[in-house]
Amino acid sequence: MLIFALAAVLACSLRLDAATPAADPASDVSRMIRAALVQAPSAFAASRGKRLSVAGDEDEYAVAGSLRAACPPCKLADEYADEDSHERWVASFNYSLPKGWSQARAAEFIATAIGPIVRNYSLRTGADDDGRTYFDWKHGRTFVYAYSWSTKTGPILRVRIGQYLPKDIHVVKYSTPLTDAQKTQLDTDIKNLLAVSLSNAQQNFVTLRGKAYGSDVFDATVHFSMLGSCRVDGWAKTASISPKWILSCDTDAFVDGKNVLEPAIAHTIWMALPGSFREASAADRGSDDYRWDDASGAVSVMLNSQSYGKRTNYTISIYHFLGDQ
């Protein structure tokens, strides 16, 4: 889930000094949570300062007003709706618990220090993707989410206080299934990629090489609306690798089921290939999801996928094999 991923990404950058925990952690944590809960129903409207950053999945804001005074380590963000959750405004902070506390002691602290603040909330507990015990309190559209993790200087407590919006305003790109128009555009992009790459494959994609990263890695100069980064890579001959040049493009990560979308992408590729191409056998395909080889044996097209959570992105690669060069 985005919540878990975001918590892991921010874990280091937001922590307080773990070597100097406060004398009264329960009082500190209670003060900060209570201050945030007062602001949560209004989606922290009175606490929003300058917008600090805009990303594809959230906007971060400076904390202002009384919340800034009551919760110095608080960060404030508008987290976009995605495939797992509706849009929510979240105030979050990290807090250093005393050195020597075990994870069991930290979990007990979460239950006893935060639980009474949200006694009228429903509670769900469990283990997140990293095996950490979490506490998830909810009441209407308001929530408090807490967990801790171990460091050399003691446990770090992570708390998120948030409010779901009544209606999503910002949505993470492609967090809903592709529309018919998007599927049509993806088909068009794939056909255009194949047309331009196959006509340049025998020349090792020289005219499609953009910015260089060393002698054999380049940005590709082709751009498509639903195919993200494209690149050209050269591979020198080794004892186990044949020399080749490869042009590859990745799609964005889609939530459409892989068992439905990947065969559709494969069909688009197959229909766009010249008649000299044939689908590779399972033995020749190896670890690739799909592969098509030209009769000359010098050019191949491959389709692969990478899944994480509910999303899958796809890589289309055009190979030019150089033989014994």
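Guide: Gladly! One definition to start with: a residue counts as buried when its relative accessible area is under 20%, as exposed when that area is over 50%, and as partly exposed in between. Please keep in mind that this is a predicted model.

Visitor: What is the phi of Phe-44?
Guide: Phe-44 is not a glycine, although its phi is positive. The value for Phe-44 is about 60°.

Visitor: Where is Phe-205, and is Phe-205 buried or exposed?
Guide: Phe-205 has its place in the loop between H5 and strand E9 (209–212). Phe-205 is not a glycine either, and it has a positive phi of about 60°. With a relative accessibility of 0%, Phe-205 counts as buried.

Visitor: Which residues does Ile-161 touch, leaving out those up to four places away in sequence?
Guide: Ile-161 sits in strand E8 (residues 156–164). Ile-161 has a relative accessible area of 0%, so this residue is buried. Its contacts beyond four places in sequence are Ile-33, Ala-36, Leu-37, Phe-44, Trp-89, Val-90, Ala-91, Phe-93, Phe-143 and Val-144.

Visitor: And what separates the C-alpha atoms of Ile-161 and Asn-120?
Guide: Along the chain, Ile-161 and Asn-120 are 41 residues apart.

Visitor: Which classes do the residues of the contact of H2 with H4 divide into?
Guide: H2 passes H4 in a right-handed crossing. On the H2 side the contact is made by Pro-25, Ala-26, Val-29 and Ile-33, and on the H4 side by Phe-109, Ala-113 and Ile-114. By class, the contact of H2 with H4 has no charged residues, no polar ones and seven nonpolar.

Visitor: How do H5 and H6 cross, left-handed or right-handed?
Guide: Helix H5 (residues 180–198) and helix H6 (residues 258–272) cross at roughly 40°, and their axes come within 10 Å. The two helices are therefore oblique to each other. As for handedness, the crossing of H5 past H6 is right-handed.

Visitor: How many charged residues are in the contact of H5 with H6?
Guide: H5 brings Leu-186, Asp-187, Ile-190, Lys-191 and Leu-194, which meet Ile-265, Thr-268, Ile-269 and Ala-272 in H6. The contact of H5 with H6 includes six nonpolar residues and one polar, and its charged residues number two.

Visitor: Now the charges. How many salt bridges are there?
Guide: Side chains of opposite charge can pair when their charged atoms come close. The rule asks for a side-chain nitrogen of Lys or Arg within 4 Å of a carboxyl oxygen of Asp or Glu. By this rule the count is 11.

Visitor: What is the N to O distance between Asp-128 and Arg-132, and are they buried or exposed?
Guide: The side chains of Asp-128 and Arg-132 form a salt bridge at 2.9 Å, N to O. Asp-128 has a relative accessibility of 7% and counts as buried. Arg-132, with a relative accessible area of 15%, is buried.

Visitor: Which strands hold Asp-250 and Arg-231?
Guide: These two residues form a salt bridge, with the closest N and O atoms of Asp-250 and Arg-231 being 3.2 Å apart. Asp-250 counts as buried at 14% relative accessibility, while Arg-231 is partly exposed at 26%. The pair ties together parts that are 19 residues apart in sequence, because Asp-250 lies in strand E12 (residues 244–251) and Arg-231 in strand E11 (residues 227–235).

Visitor: Last one: which residues are linked with Glu-79 in a network of salt bridges?
Guide: This network links Glu-79 through salt bridges. The residues linked with Glu-79 are Arg-88 and Arg-160.

Note on methods. Residues are numbered from 1 along each chain as its sequence is written. This is a predicted model: local features need pLDDT of at least 70, side-chain atom pairs count only at pLDDT 80 or more; totals for chains, interfaces and linings use all residues. Side-chain values use heavy atoms; hydrogens and water are left out. A crossing is left-handed if the near helix is turned anticlockwise from the far one by less than a right angle, and right-handed if clockwise. Helices (H or I, at least four residues) and strands (E, at least two) are DSSP runs, numbered from the N terminus. Contact means heavy atoms within 4.5 Å. Ala, Val, Leu, Ile, Met, Phe, Trp, Tyr, Cys and Pro count as nonpolar, Asp, Glu, Lys and Arg as charged, and the others, Gly among them, as polar. Buried means under 20% relative accessible area, exposed over 50%, partly exposed in between (1.4 Å probe, protein chains only). Axes are lines fitted to C-alpha atoms, for helices over the stretch in contact, and angles run from 0 to 180 degrees between N-to-C directions. Angles under 35 degrees count as roughly parallel, over 145 as roughly antiparallel, 65 to 115 as roughly perpendicular and the rest as oblique.
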